[in-house]
Amino acid sequence: MATGFAAFGTALPALGIAVPLVGACLLLALDQVLPRVAVDALAAVVVLGVAVLMGALVAITASGRVVSWAGGWRPAGGVSVGIVLVADPFGAGLAFLVALLTLAALLYGWQYFSHAEAHLPVLLLLFVAGMTGFALTGDLFDMFVFFELMGAVAYALTGYKIEEPESVQGAFNFGVINSLGAYLCLAGIGLLYARTGQLGLAQLGAALSGHPADLLVLVAFTLVATGWLVKAAAVPFHFWLADAHAVAPTPVCVLFSGVMAPLGVYGVARVYWATLSGTVSAAGVQRALLVLGVLTATVGALMCATQRHLKRLLAYSTIAHIGLFLLGVAALEPAGLAGSALYLAGHAGIKGALFLLVGVLLSRYGCVDEITLYGRGRGSRALGWLYVVAALALAGLPPFGVALGKAISEESLAATWLAVVFTAVSAVTGAATLRAGLRVFFAVGPPPPEHHDEDVTTGEREEREVEPAPARTPPTMLVAILLLLALGLVTGLPAVGSAAGRAAERFTDRAGYLDQVLHGAAAPAVPTPHGAAWTALGAGLGVLSAALAVGLALLVLYAPRLPRTLRVAGARTAPATHALHRLHSGHIGDYAAWLLVGAVALGVLLALPGSAAGATGVTP
Amino acid sequence: MSRGVRTLIFLAGAAGLGMLLVLAFLRCPPFGGDWHPYRDMAVPAALAHVTPNVVSSVNFDQRGLDTLGEETILLGSVLGATVLLRPGRHETRREPQDVGRVLQVTRLGGYVMLPLALTLGLDVVIHGHLTPGGGFQGGVVLATGLHLTYVAGSYPALRRLRPVSWYEYAEALGAGTFSVLGVVGLVTSAALLANFLPLGQFQQLFSSGTVLALSVATGCEVAAGVVVLLAAFLEQTIMIDSSRERAG
Amino acid sequence: MSLYAYLVAGWLLLAGFFGVVRSRDLVHTAVCVSVAQSGTYVLLLGIGFQRGAGAPVFAPGIPTTSPVVDPVVQAMALTDIVVSATVTALLLAIAVQIAKRHGTVDPDELHALRG
């Protein structure tokens with residue numbers, strides 16, 4: 001019985017990849033003959049099955065990693081020709097999150113979403129397989145393969161609405177930038193292979209350990225990290241994200257924003273801790289993550305605050321939050337990582353709910369423009385309140401997971417100025433989200449004046465995703481929204497917090513990872529760390545950022561009634577904002593040029609001598 | 001940004017990255033050397049599983065999970081391209097006309113080449129574990145070979161040979177077989193994509209266990225997938241009528 | 001000249017980027033993406049090369065002890081090629097729709113997404 005259970009446990013990571021694939025093939029073969037409802041039901045059953053399997057995997061990994069060698073090529077003497085799947089609580093948790101978000105996406109699209117002749121559920125299942133594979137594999141080249149799988153399916157999903165000019169342009173930009181990032185990443189993998197003759201994360205780690213990183217290893221890490229950071233949409237690799245998220249079908253946005261882009265942050269953290277943490281200089285990594293994190297959070301927040309296209313607004317807020325995830329990782333210690341992981345999971349639920357609420361507006365009014373929609377949502381108070389709750393949760397209101405993750409991250413970065421960045425970015429993105437919701441659902445403030453600016457995407461005319469427009473919101477859509485909000489709430493539970501703390505201890509235990517993967521050593525128990533829990537200070541900062549968000553939102557909404565001097569001061573900042581908008585030109589050539597510059601900057605930040613410990617107050 | 005500014009930013013980035021790459025290349029092991037640790041493991045592993053083509057052994061046996069991901073990329077992209085190239089709301093499909101002129105010599109060449117290309121494709125798929133080739137390579141030869149009927153004949157001729165829905169089934173079947181074989185390995189040998197079939201004799205056709213089976217499944221999927229992919233592009237060019245849209 | 005192959009790889013990678021940056025036609029952009037990718041083929045195959053070694057296929061008559069080049073990079077290059085082909089197909093499919101929706105495939109003329 002016990003061995004049977006263990007065998008089931010080691011089979012789970014493989015099943016997480018294989019079940020959605022088999023399901024996709026089945027659905028592809030059957031979707032011409034089955035009625036619509038059966039296609040939707042089959043897809044939902046497969047994803048539910050994956051969710052149950054990955055939930056079980058999360059439970060099992062609480063007591064240690066699950067290591068399984070594909071093809072049965074177990075290592076001898078610390079090396080193997082095979083590929084290893086390594087599930088630890090974070091990897092398994094991400095796979096679980098993928099399944100949950102996909103379930104919400106399918107529920108939202110249940111019966112109503114127009115996908116005749118278009119295989120949307122099949123693409124979603126393949127997308128699940130890609131993301132699960134990326135989260136669970138312990139092999140660098142295999143990560144690249146699943147990265148490309150996620151990418152290829154995602155480009156098609158982004159361009160799904162072929163009637164819209166925005167949609168196809170966004171898909172093209174996404175495809176080119178992600179591919180170029182992937183090729184840089186592959187070049188990095190090639191360099192590491194040239195040095196070590198290995199591809200597994202653990203094997204690479206073992207082969208590289210003992211020597212400080214030379215320029216080859218640094219350049220290789222730069223290239224690999226560039227690939228993952230393109231997916232994560234760190235500035236200046238972020239341009240594709242707003243373009244893609246703004247145009248992709250709404251249920252797909254839930255996955256893009258909630259887990260696909262954050263998987264890039266996971267990739268960087270995984271490669272660093274499993275492979276390079278003993279080799280490359282921690283100070284360099286910390287410096288690079290701090291600079292990119294602050295830049296990403298700031299640019300994301302500024303762009304978010306100045307959007308009127310609701311999906312673009314949410315997309316830029318995702319960029320801002322990814323900057324904060326990077327800052328949590330930048331502490332390079334378990335507490336910060338635990339904070340980022342909770343933040344990521346809580347954000348996935350909340351942001352997903354917000355996207356779906358905007359999707360409901362789109363399905364009713366064929367429009368996602370904040371200004372055109374002013375007061376149009378007054379009839380649906382319930383949705384309006386859900387939106388306000390989600391916006392406040394995004395701003396960091398306890399007891400949601402976003403707040404817990406934010407609090408833990410802030411406390412792991414002892415430097416006060418970083419806590420200020422966290423609070424300010426949460427407040428600004430929360431305020432922008434809240435402002436839009438208050439205008440649309442409650443007609444707060446005077447009607448905003450219509451003004452045209454060719455450097456702003458408005459979202460005035462968008463293709464309805466649901467035909468015909470439903471008279472009232474279908475219950476399945478509401479259930480999906482509530483499910484995602486519940487996810488945001490559950491991730492704020494103290495038990496989830498301490499589990500994340502233990503998971504982070506496991507994740508950062510490089511020696512344990514290498515021993516278990518390469519030599520089959522049993523995983524030692526990890527201590528329950530301090531700090532991965534609610535504190536009065538953390539909750540207080542959360543309330544503060546939410547209150548600031550409300551204040552800022554009201555300030556903007558009632559700006560026309562402010563004294564003239566204040567408005568003039570506001571107008572002074574307009575040229576700077578305008579310049580920032582002009583940089584986001586939608587031009588693929590610009591994006592590619594910035595990608596190169598970003599890769600070089602990342603390399604320089606990694607390679608410069610000196611310590612960044614002073615900035616964070618953390619000694620790595 | 002203007003083209004000039006964009007190019008300047010590119011040049012700065014390219015100069016930096018070029019320098020980083022050269023610095024890294026200078027520290028690579030010497031080109032053409034004999035230090036290849038993974039090779040030194042992969043060759044004996046391939047021989048142990050009775051697979052003379054070591055590349056196929058790496059693809060379908062040792063690193064089969066990569067290939068599972070790879071053929072899923074193909075499946076997803078083919079599906080994605082058909083989704084992207086579906087007729088829009090204002091577009092209609094029209095029957096293709098048998099227009100255009102094909103030189104007699106082209107026609108003759110095409111019909112002579114057709115059976116040869118198909119045979120070659122099958123050969124490359126089936127002997128993928130023994131000689132250079134495999135499911136991917138052979139599948140592409142099969143699919144492009146089939147399109148000789150278009151080059152040498154006409155689009156209606158190709159359509160008669162190619163009911164797209166059948167190829168969609170074949171594609172799903174090939175990809176599904178790959179995944180199912182992987183799961184069977186998981187059940188019988190407790191490892192995804194384990195080589196659970198009899199290994200046979202070295203350099204015999206029926207040898208190397210699942211390498212042959214997975215290669216054939218991949219060949220089926222790739223051939224069908226490429227046909228579906230090309231069909232999506234050809235239909236877009238030949239059959240989709242967007243004239244009304246342009247007028248409106 | 002042991003760096004030569006690697007330099008070609010780096011050159012192709014950057015040449016692909018250059019093409020994407022300067023492109024006036026999205027079909028050309030898609031091809032440039034493949035050019036960048038071909039840099040990775042050259043890099044991988046260069047890393048696995050060994051002077052005087054044969055192909056890693058033991059056909060009848062070739063002793064299994066004879067030296068062969070690294071088969072792993074060849075398998076990786078095959079994966080890479082499949083990725084390249086599929087990404088190119090997707091980008092071209094999107095380019096077809098861009099041509100219809102925007103009436104142009106010049107990236108300088110696409111104005112749907114700004115800010």
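**Reading a predicted two-chain model**

For "transmembrane region", an unreviewed UniProt entry lists residues 7–26, 72–88, 108–130, 136–158, 170–192 and 212–234 of chain B; such annotations may be inferred rather than shown by experiment. This is a predicted model, in which local features need pLDDT of at least 70 and side-chain atom pairs count only at pLDDT 80 or more, while totals for chains, interfaces and linings use all residues. Residues are numbered from 1 along each chain as its sequence is written, and chains are lettered from A.

Reader: How do you know that chain B is in contact with chain A?

Author: Two residues are in contact if their C-beta atoms, placed from the backbone, lie within 7 Å, and 61 residues of chain B are in contact with 63 residues of chain A. The largest share of the side of chain B that touches chain A, 14 residues, comes from helix 4, where a helix is a DSSP run of H or I with at least four residues and a strand a run of E with at least two.

Reader: Why is strand 2 of chain A called largely enclosed?

Author: A residue is buried if 20 or more other C-beta atoms lie within 10 Å of its own; five of the five residues of strand 2 (residues 83–87) of chain A are buried, so the strand is largely enclosed by the rest of the structure. I83(A), L85(A) and A87(A) point one way, and V84(A) and V86(A) the other.

Reader: What makes strand 1 and strand 2 of chain A a pair?

Author: Strands pair if DSSP finds at least two bridges between them, and these two have five, in the antiparallel sense.

How values were computed:
A residue is buried if 20 or more other C-beta atoms lie within 10 Å of its own, exposed if 12 or fewer, and partly exposed in between; C-beta atoms are placed from the backbone.
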